[in-house]
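Dear colleague,

Please find below the structure that I am handing over to you. My notes on what was found in it follow directly after it.

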Amino acid sequence: NPPSGVVVYNLDGSIDPSFAAGTPFNSAIFSLVPLANGKLLVGGYFDTFNGADTGSLVRLNADGALDSTFTPNPKFESVVGVRVAANGQIYVLGMRKGHADNPYQLFRLTADGTADQTFLSAAQFIDSFVLQEDGKVIDMMALLKQSMEKHAESKKTTLAPKKRKKA
């Protein structure tokens with residue numbers, strides 16, 4: 001994958017020179033979440049930013065510099081989704097470093113990036129999720145699977161061969 005970077009544009013479409021993210025990420029960015037305090041959460045398939053070993057989830061300050069107060073634990077091999085709840089909890093859909101044989105899992109992190117040990121996701125093979133305002137998580141793959149199962153079941157009953165009447 002080619003290097004990736006983050007650019008902030010002003011309302012008139014010009015590049016904001018106050019945001020200087022520096023050396024690009026060494027690979028793809030999949031998720032970008034602006035925070036109320038002007039910082040950005042960035043997730044993807046990178047493992048360095050500005051030459052620093054970061055894993056695949058970082059928080060950038062409003063000026064584009066790496067936020068050293070955010071130290072995700074666990075470190076991620078890949079992050080495909082990030083959402084932030086109103087209370088500041090961070091939900092991450094990712095694969096932990098060193099666990100490439102495991103499917104993507106849903107993690108909840110505190111504001112400083114440490115894993116919230118009270119959140120134990122039962123979701124497996126999740127690839128998309130929505131965070132509701134009340135903090136509940138909707139697993140999009142589970143909804144799709146349920147819908148497909150219901151559709152398949154309805155086809156069985158409507159396409160079942162009809163019995164012929166004896167002549």
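In which sense do strand β7 and β8 pair, and over how many bridges? Strand β7, residues 90-96, pairs with β8 in the antiparallel sense, and the pairing runs over five bridges. Strands are DSSP runs of E with at least two residues, numbered from the N terminus, and two of them pair if DSSP finds at least two bridges between them. Within this pairing, G94 has Q105 in β8 as its bridge partner.

Before going further, please note that this is a predicted model, in which local features need pLDDT of at least 70, side-chain atom pairs count only at pLDDT 80 or more, and totals for chains, interfaces and linings use all residues. Residues are numbered from 1 along each chain as its sequence is written, and side-chain values use heavy atoms, with hydrogens and water left out.

The two strands belong to an open sheet of three strands in the order β6-β7-β8, with antiparallel pairing. Its edge strands are β6 and β8 (105-109), each of which pairs on one side only. From one strand to the next, the twist averages 30 degrees, the angles being taken between N-to-C directions of lines fitted to C-alpha atoms, on a scale from 0 to 180 degrees.

The largest nonpolar core has 12 residues, among them V79, V82, I90, V92, F107 and L109. Such a core is a set of buried Ala, Val, Leu, Ile, Met, Phe, Trp, Tyr and Cys residues joined through side-chain atoms within 4.5 Å; buried means under 20% relative accessible area, exposed over 50%, and partly exposed in between (1.4 Å probe, protein chains only). Each of β6, β7 and β8 supplies at least two residues of this core, and β6 gives the most, with three residues.

Two backbone features also deserve mention. Most residues other than glycine have a negative phi, and most peptide bonds are trans. N50, however, has a positive phi, near 50 degrees. This residue lies in the loop between β3 (48-49) and β4 (52-53), and N50 counts as partly exposed because its relative accessible area is 38%. The peptide bond from N73 to P74 is cis, with omega near 20 degrees; P74 lies in the loop between β5 (57-60) and β6 (76-84).

Finally, Y9 is found in the segment before β1 (29-34). Y9 counts as exposed because its relative accessibility is 54%.

Yours sincerely

Note on methods
Helices (H or I, at least four residues) and strands (E, at least two) are DSSP runs, numbered from the N terminus.
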